[in-house]
Amino acid sequence: MASVPSLASTVDQRIADALSAALPEAGSADVLLRRSDRADFQANGILALAKKLKGNPRELATKVVTDLTSADASPSSLIKEVEVSGPGFLNITVADRAIIETLAARAADDRLGVPYTEHPGTTVIDYAQPNVAKEMHVGHLRSAVIGAAMVEILEFTGEKVIRRHHIGDWGTQYGMLIQYLIEHPHELDHEGDEVDGEAAMSALNRIYKASRAVFDSDEEFKDRARDRVVALQSGDPETRALWQQFVDESKIYFYSVFNKLDMEISDPDIVGESAYNDMLDETCRLLEESGVAVRSEGALCVFFDDVKGPDGNKVPLIVKKSNGGYGYAATDLSAIRDRVQGIGASTLLYVVDVRQSLHFKMVFETARRAGWLNDDVQAVQLAFGTVLGKDGKPFKTREGETVRLEDLLDEAVERATAVVREKAERAGLDEREIIENGRYVGIGAVKYADLSTSAVRDYKFDLDQMVSLTGDTSVYLQYAYARNRSILRKAGDTVPTPHPELELAPAERALGLHLDAFAATLAEVATAYEPHKLTAYLYQLASHYATFFEQCPVLKADTPAQVENRLFLCDLTARTLKQGLTLLGIRAPERL
């Protein structure tokens, strides 16, 4: 089905046409239409146009009103009322019929009238980047949650999305781990055939602590570990096989954590640092031959006029160290080459900590100088802030240690399950449903708290607030959806049906106008990479629905037609809430 024009876009076009008719010499002018608390919409563009043409804005506005009212005189008119306000604003109220007819068109479409992007490209999203042989902690949460939401949102708009999990699977620490495993060959053995994430991480933690203790106390072991790094980098088969064992063991753990997060991670999408090893030398050679990188004190560096240290001297991006080792920059630049030249990406989206902004600014600029990024290929950092505790400081345990991600998720599910259990009898939930919904609510609460904050800002992790039934929480949205579905079940054989001929109550109008804004909101979110604007839309939708539910009886409405029309509004609200939550990676239980 073709996309459904929003009321806002239709009104905007109608006013633009009226402006052209009233003042042909004006050409195309920006109407500057926005939602208003004085009417449905307000158009402010006439003031700027009148100033440009040295005319009277109120007189011009009056001419536009005359054209609008004459063009909208039919019973199926778009505009119910338009008035000139202040120095030349237009306050526009759309017809009830237009609201319901537009919503009916949206309801008839499986995509709720959301169009596909006109010019789809290929976006590689780099997100959820844990490290091999290390536990995931609260710091890994934001990249995973924000990245997964952007994957869903962009795919829904028609963009081709390639997922990339740039895991930390290379470095000098693997010499220590592999050497220890060679000397203690059964440390990664497990009883039985099935290995769960907890067992895998327990074994990895044990080896890491034990190898670190030996490394710090035994100089001969330290020398052997360093030799093992050389063997790893040179491709020694035995060393590579043991390294792969650490990677595979870590993946078991990664998958278990992402499963708790209700996120799907596929093996082909895990392309770690090691995948670019064979490209590093060529990347450095290309940079040096093109003059983008220069030698400085033995290291291969890229300098920038606007990046300076405290002493005023330029701070370089070090691509290759003076000892011949490669820095993170060489890997990141090789990844850009692969994603642009190999995959054919038109956009590279990096969901990484704001504290890495300078690094990526220098990497992106280097890639532009080298010609790997250009007018046809953009690289964007979707930077995110820090997860804070209730005290406003970086989130830690009482012992001052970093919070394990699994512990955090388990506690969220435990708290949420208690909330669900309190309402279970009234909702008619059995124990299986209580456990299942507790998981959906708990994980949803964690995701929503993260996504509802502008990504670049820090936010406080407060589970009490996250699982609250009131306020801007996912639980509030999930209960709004479940309440809605309950009404639709109680309606029995009565079919939700739009009735454009009916007059709408204020709460119905407000709900309808907000429902119509779903497609425009998604377009803005996808373009600006700002999922918090979708959470804000959904919260406002649930709030409008709560007011509608309070002021407009549904099943006990005055006439059968009104019952059907209000059920239609309920049904479209439920579908919109569910679609929005799905794009954020949050489940919407049918009963709660």
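This dialogue walks through a predicted model of one protein chain.

Q: What should I know about the model and its numbering before I start?
A: Residues are numbered from 1 along each chain as its sequence is written. This is a predicted model, where local features need pLDDT of at least 70, side-chain atom pairs count only at pLDDT 80 or more, and totals for chains, interfaces and linings use all residues; side-chain values use heavy atoms, with hydrogens and water left out.

Q: How many helices and strands are there in the protein chain?
A: Helices (H or I, at least four residues) and strands (E, at least two) are DSSP runs, numbered from the N terminus. Here there are 20 helices and 13 strands. The C-alpha trace spans about 90 × 65 × 45 Å along its principal axes.

Q: What percentage of the residues of the protein chain count as buried?
A: Buried means under 20% relative accessible area, exposed over 50%, and partly exposed in between (1.4 Å probe, protein chains only). Of the 592 residues, 52% count as buried.

Q: What is the accessible surface of the protein chain?
A: Accessible areas come from the Shrake-Rupley method with a 1.4 Å probe; for residues, only the protein chains shown count as cover. The total is about 27,400 Å². Carbon and sulfur atoms hold 48% of it.

Q: Among contacts between residues at least 6 apart in sequence, what percentage join residues at least 24 apart?
A: Contact means heavy atoms within 4.5 Å. In this chain the figure is 73%.

Q: Which residues is Ile 92 in contact with, leaving aside its neighbours within four places in sequence?
A: Start with its place: Ile 92 lies in strand β4 (residues 89-94). Ile 92 counts as buried because its relative accessibility is 0%. Its contacts beyond those neighbours include Val 11, Ile 15, Leu 33, Phe 41 and Ile 79.

Q: Where does Tyr 255 lie, and is Tyr 255 buried or partly exposed?
A: Tyr 255 lies in helix α9 (residues 237-260). Its relative accessibility is 28%, so Tyr 255 counts as partly exposed. Not counting residues up to four places away in sequence, Tyr 255 touches Ile 265, Ser 266, Asp 267 and Ile 270.

Q: How do I read two packed helices?
A: They are described by the angle between their axes and the distance between the axes. Axes are lines fitted to C-alpha atoms, for helices over the stretch in contact, and angles run from 0 to 180 degrees between N-to-C directions. Angles under 35 degrees count as roughly parallel, over 145 as roughly antiparallel, 65 to 115 as roughly perpendicular and the rest as oblique. Now the case: α10 (residues 277-289) and α11 (residues 328-342) pack at about 90°, with axes 9 Å apart. The two helices are therefore roughly perpendicular. Residues of α10 that meet α11 include Met 279, Leu 280 and Leu 287. On the α11 side, Ala 330, Leu 333 and Arg 337 are among them.
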